[in-house]
Amino acid sequence: MDLQRLHKERRLAFWGQVLPYLGYVIQSGLAVVFGFALIAFAAWYTSLLMHIPPDLPIRWIMLIVAIPIAHASFRTYLNEADIVFLRPQEHAMPQYFKASRIRGVVYKIFGLLLLSIILWPLYIRSDAAPKPLLLTLLLFVLLKLLFSYGGWQELRMVSVGGSVGYRLLRWVLAVLMIAAWLWQPPLHSLPFIVLVGVVYVLVLRLPVKLLVAWEKLIRTEGMQAARVMRTLGWFVDVPALTQRVTPRRWLSWLGGNIPWNRRGAYRYLLFKTFLRTEPAGIVIRLGILGLLIIYITHASWIGIAVYLFFIFLIGVQITSLRQYHRDSLWLQLYPIPAHSRRASFLDFVVRLTLPAAVVLWLPFLAKGTEDLLSTVLILVGGVLVVFLLRGTQAKKWRLDGQDEEEV
């Protein structure tokens with residue numbers, strides 16, 4: 001069996017399913033919004049380059065932009081049947097995974113280099129001792145290759161706890177190595193980076209690994225395919241795929257005060273689904289990142305734009321749960337009317353998005369009482385975005401015909 005050809009056929013088959021939906025995504029107005037956003041960003045960035053604040057924390061900005069170097073993900077296109085039908089070829093599976101490992105690095109390196117080049121004019125104008133461009137780009141590429149190698153080794157580890165520990169180590173080392181390069185002279189930082197990299201590669205050899213971790217790779221592939229479909233689901237109805245379920249006991253108290261009756265049943269289901277699926281993790285990460293960026297930019301109008309944008313991003317993740325139980329058999333069996341599900345879902349969106357808007361607004365309080373009116377108006381704008389999201393979801397619910405039972 002030609003395993004490289006099999007990988008290519010599966011990749012083309014998957015993206016062949018996705019491409020027909022892209023036309024609907026473009027028709028939704030995303031292309032127009034993206035174009036206006038690009039023009040606005042270019043105008044703002046040009047203005048920033050001409051009037052750079054003297055206290056701009058450019059090294060911290062560079063660090064935040066470069067931290068995704070530690071991110072590692074690979075599309076293998078494996079499925080459940082492969083445990084039976086491809087296991088006899090396990091010794092030759094490195095040929096199959098070769099394309100996955102290459103594609104898992106090349107696109108990310110391209111994006112990283114593009115961001116670095118865009119940010120470079122601001123960096124060399126703001127930093128007192130900027131590093132050479134080519135040397136910095138070369139270092140970023142090598143670090144990306146290093147951490148991609150580490151991410152692949154984590155997928156092969158037998159111990160689940162060991163894999164989690166090495167993932168955390170990968171991100172910590174990325175922060176340390178990038179910070180060393182940005183804050184220290186090259187003659188000091190380069191030996192440190194090389195030494196840490198060599199030790200990291202040696203430490204990766206310690207855990208027990210499988211030649212092919214079938215279950216873990218299949219589960220990871222299912223999550224990544226579902227993520228693509230869920231993104232398309234923001235614009236058009238797509239087939240639902242298996243979602244990863246993650247117990248988060250430290251958040252299990254959320255939704256615990258919902259009345260135990262028919263009116264609160266669907267809202268309770270939505271809360272528990274949110275807590276145990278991927279959107280909750282994304283919302284938490286977006287919240288932390290948003291707080292950091294808003295705190296840095298809260299003194300200018302950029303902070304307001306970032307604030308409203310992060311509310312929108314968090315709202316998109318929360319409203320994605322609209323599709324999670326749409327085709328569930330149990331909702332047809334239990335006596336929960338469609339109009340009740342609609343009201344519960346809209347209430348759920350407001351109950352989660354509104355507190356997020358308030359939390360993201362807190363950095364603006366650092367301005368004190370000198371401009372209290374504008375600070376309050378910013379919060380009002382955030383609340384308006386929340387209710388605009390609610391109104392949009394109510395309209396989508398009606399267009400989908402999910403409340404026909406009201407008639």
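Author: Start with Arg5, which is exposed, with a relative accessible area of 55%. Exposed means over 50% relative accessible area, buried under 20%, and partly exposed in between, using a 1.4 Å probe and protein chains only. This is a predicted model, where local features need pLDDT of at least 70 and side-chain atom pairs count only at pLDDT 80 or more, while totals for chains, interfaces and linings use all residues. Residues are numbered from 1 along each chain as its sequence is written, and side-chain values use heavy atoms, with hydrogens and water left out.

Reader: ok, what does Arg5 form a salt bridge with?
Author: Its partner is Glu9, and the closest N and O atoms are 3.1 Å apart. A salt bridge here is a side-chain nitrogen of Lys or Arg within 4 Å of a carboxyl oxygen of Asp or Glu. Glu9 is partly exposed at 42%.

Reader: where do Arg5 and Glu9 lie?
Author: Both are in helix 1 (residues 3-50), four residues apart, or about one turn of the helix. Helices are DSSP runs of H or I with at least four residues, strands are runs of E with at least two, and both are numbered from the N terminus.

Reader: how many salt bridges does a search of the whole structure find?
Author: Seven. Another one joins Arg10 to Asp82, with the closest N and O atoms 2.6 Å apart. That pair links distant parts of the chain, 72 residues apart: Arg10 is in helix 1 and Asp82 in helix 3 (residues 82-85).

Reader: and are Arg10 and Asp82 buried or exposed?
Author: Both are buried.

Reader: new topic. which residues have the most contacts inside the largest nonpolar core?
Author: Phe274, Tyr307, Phe345 and Phe348, in a core of 34 residues. Helix 13 (338-361) is one of the helices that each supply at least two residues of this core, and its nine residues are the largest share. A nonpolar core is a set of buried Ala, Val, Leu, Ile, Met, Phe, Trp, Tyr and Cys residues joined through side-chain atoms within 4.5 Å.

Reader: last one, where is the kink in helix 4?
Author: At Trp120, shortly before the proline Pro121, and the kink is about 45°. The bend at a residue is the angle between axes fitted to the seven residues ending there and the seven starting there. Helix 4 (residues 93-126) reaches 49 Å from its first C-alpha to its last, close to the 50 Å expected at 1.5 Å a residue. That expected span is 1.5 Å times one less than the number of residues.
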